[in-house]
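Work through the exercises below with the sequence and the coordinates open. Try each task before you read its solution.

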Amino acid sequence: MDNLNHLIEGFGHVLTPMNLLFALIGVTVGTAVGVLPGIGPAMTVALLLPITYGLEPTQALIMFAGIFYGGMYGGSTTSILLNTPGESASVVTALEGNKMAKSGRAAQALATAAIGSFVAGTIGTALLVLVMPQVVAFAINLGSPELLAILLVAFVGASAVLGSSRVRGFAALLVGLTIGVVGIDFVTGQQRLTFGQPMLADGIDVVVVAVGIFAVGEALWVAAHLRRKAATVIPVGRPWMGREDWARSWKPWLRGTALGFPFGAIPAGGAEVPTFLSYLAERRLAKHPEEFGHGAIEGVAGPEAANNASAAGTLVPLLAIGLPTNATAAIMLSALQGWGFEPGPFLIDKQPVLVWTLVASLFVGNTMLLLLNLPLAPTWAKLLQIPRPYLYAGILFFATMGAYAVNAQPFDLFLLLALGLVGFALRRFGLPVLPLIIGVILGPLAEKHGRRSLQLSGGDLSGLIGGPVAWVCYAIIAGVILWPLIGRLLPGKRPSDRDHTPTEASA
Amino acid sequence: MSDPQVDTTGAAAKPREDRAQYGVCAALAGLGVLLLVDAASIRHVTSSNDPLGPRPVPIVLGVLLLITAVAYAIDVWRGGVGQAEGGEDVDLGSRADWKTVGLLIVVFGASALLIQPLGWVITGSLLFWGCAYALGNEHHVRGLAFGIALALTTFYGFAIGLGVNLPAGILKGIL
């Protein structure tokens with residue numbers, strides 16, 4: 001087992017004081033931003049990106065992964081104690097979790113969430129170790145036409161599968177792709193959408209886009225609708241579970257893991273779909289379905305496991321193909337690019353130490369998170385008492401710092417403000433954020449692969465179609481786009497079994 | 001571009017016609033036109049190793065934006081409403097508070113102008129204090145103190161510690 005050796009080596013690299021410190025910083029910051037409203041892992045990673053250009057990439061990546069996992073833990077705390085999820089991945093947790101808290105079982109809800117997250121995160125990371133090399137072996141033979149097709153699946157998936165309105169998803173995607181066009185064309189050196197402005201020649205930095213859309217947009221949006229009276233936080237002691245809670249939790253944990261991991265790995269998976277599916281599954285399988293709606297522990301255990309497993313699943317396409325399936329992964333991808341690595345199937349070959357140290361750090365980080373969250377949940381809940389003016393002023397403060405630090409030019413701050421207003425409009429009009437970010441980061445990559453494909457075929461458009469992998473991708477795209485039409489043609493209303501997104505194309 | 005009258009599309013509020021959405025359609029269409037105009041001004045260069053050249057992608061995007069703008073407008077016309085985003089601190093039942101948003105934009109714009117001459121520590125402190133004030137903070141001295149503390153910490157930690165690009169400005173030599 002070559003991978004196992006690599007992994008053990010990875011553990012050797014993680015277990016140095018500096019790397020452990022960065023893992024600890026990552027999971028601590030991650031939990032904090034997961035708990036705090038208005039700031040999530042994607043925004044945090046974007047804010048920290050310019051700061052980490054001075055760090056060792058491995059350490060920065062360990063920290064980012066800790067933030068990513070930590071955000072999933074922290075989000076559940078607010079869901080349960082405040083009934084308002086910190087992250088979209090924890091929306092479902094609030095359904096039963098807050099009911100449990102209201103009936104005096106907050107400690108058990110937090111415990112099953114934290115332990116379930118640990119179990120799912122650990123199993124998920126183990127699956128990552130098993131699956132990733134297979135995906136790499138599959139992806140390493142893919143040419144530009146296939147990669148282009150996979151990127152197009154990611155575009156369509158992010159815009160059309162998630163969210164309630166496809167036209168709004170596509171609108172956000174196209175805005176993102178347009179932002180990605182700005183700058184000097186990488187082949188011919190011609191300026192596109194720069195309006196003669198030399199500061200736009202290098203394009204709009206992903207950090208500025210992400211910070212503008214996430215941080216500034218969110219702060220402005222909240223400012224427009226700030227809740228003047230604070231929501232009540234349910235007080236809680238140290239989380240614990242009784243024998244019966246364990247008996248009722250362990251199966252949902254495993255089922256949640258099984259649902260979360262594959263959905264995290266496919267484009268447009270994210271954590272929302274599997275957490276919801278896990279909730280439905282648990283409600284159907286529960287011995288006491290009547291408890292659902294009044295605080296059933298299965299309804300917390302399953303979705304919480306699912307969202308952590310999906311976080312692990314997300315890393316499979318990110319590390320193996322260079323394909324991010326959610327916003328945090330998208331920004332981690334642009335971090336890799338910023339350090340000069342080329343994400344894709346060759347990453348693991350060229351940077352084995354980086355990849356395996358990262359994977360090993362996930363096991364370590366997960367354990368740290370359990371230790372941080374189980375005994376300290378009441379302390380984390382205190383973070384919710386930060387006065388809102390300071391919280392959002394702080395977010396804007398760090399947003400300014402992060403955006404300025406990229407290029408040291410005030411021009412970027414005006415750009416940041418403009419993008420913040422775009423972010424405001426997205427929230428106001430219910431346009432999803434993810435397709436925009438995916439468009440900005442993957443758009444230039446898709447264009448590169450498209451042009452390379454045509455270069456290989458000597459300009460013959462058939463060069464874009466490629467081989468069987470690409471055909472499958474285009475069939476999926478056609479299926480997703482035509483789905484509403486097909487649905488309309490079919491007689492009667494069918495229960496929406498979500499089988500139109502095939503799981504992993506890897507095996 | 002949005003009309004404050006219709007800005008109460010909350011989950012609780014009755015679904016009302018949200019005509020400001022047509023503004024979004026117009027903006028998308030405008031962006032599409034902009035892409036097409038800009039693409040037209042790019043000199044068409046192709047070569048054997050780049051048969052496509054720099055123009056097709058912006059043209060395709062521009063056309064798709066125009067199509068999307070029309071589809072969006074049809075959706076709005078049929079009564080489609082985008083669900084405004086909720087959150088822990090978001091009260092969608094209330095009207096949009098444009099005064100706060102405007103103040104934040106002013107504070108933010110001022111920082112963008114001041115950051116190079118005055119440096120990060122002064123600008124950052126004022127930015128924090130100003131934003132907190134705009135958001136309803138009543139403890140002005142405390143707000144300023146927090147701002148100064150944050151700005152100094154980040155300056156020493158990141159700019160001097162990690163070599164992040166933050167300007168010293170007029171405090172150069174003192175810090």
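**Exercise 1.** Which domains does the domain assignment of chain B give?

*Solution.* The assignment gives domain 1 (4-77) and domain 2 (98-171). Such bounds come from an automatic or database domain assignment. Next, take the centres over C-alpha atoms: 35 Å separate domain 1 of chain B from domain 2 of chain B.

Some ground rules follow. This is a predicted model: local features need pLDDT of at least 70, side-chain atom pairs count only at pLDDT 80 or more, and totals for chains, interfaces and linings use all residues. Residues are numbered from 1 along each chain as its sequence is written, while chains are lettered from A and ligands numbered from 1 in the order in which they are written.

**Exercise 2.** Describe the fold and the spread of chain B.

*Solution.* Start with the elements, which are DSSP runs numbered from the N terminus (helices: H or I, at least four residues; strands: E, at least two). Chain B has 5 helices and 0 strands. Its pattern along the sequence is α-α-α-α-α. Now test the spread. The radius of gyration is taken over C-alpha atoms, and the globule rule is 2.2 Å times the number of residues to the power 0.38. For 175 residues the rule gives 16 Å; chain B has 23 Å, well over that, so chain B is more spread out than a compact globule. The C-alpha box along the principal axes is roughly 60 × 55 × 25 Å. Finally, burial: 38% of the 175 residues in chain B are buried (20 or more other C-beta atoms within 10 Å of the residue's own, with C-beta atoms placed from the backbone).

**Exercise 3.** Where in chain A is the pLDDT below 50?

*Solution.* Begin with the average: pLDDT, the predictor's confidence in each residue from 0 to 100, averages 87 in chain A, and 94% of the residues score at least 70. The stretch below 50 is residues 493-507 of chain A. Where pLDDT is low, the predicted coordinates should not be read in detail.

**Exercise 4.** How many residues of chain B are in contact with chain A?

*Solution.* Contact requires C-beta atoms, placed from the backbone, within 7 Å. By that rule, 66 residues of chain B are in contact with 63 residues of chain A. Helix α3(B) gives the most to this side of chain B, with 10 residues. The residues on that side divide into 37 nonpolar, 20 polar and 9 charged. Here Ala, Val, Leu, Ile, Met, Phe, Trp, Tyr, Cys and Pro count as nonpolar, Asp, Glu, Lys and Arg as charged, and the others, Gly among them, as polar.

Technical notes. Two residues are in contact if their C-beta atoms, placed from the backbone, lie within 7 Å. A residue is buried if 20 or more other C-beta atoms lie within 10 Å of its own, exposed if 12 or fewer, and partly exposed in between; C-beta atoms are placed from the backbone.
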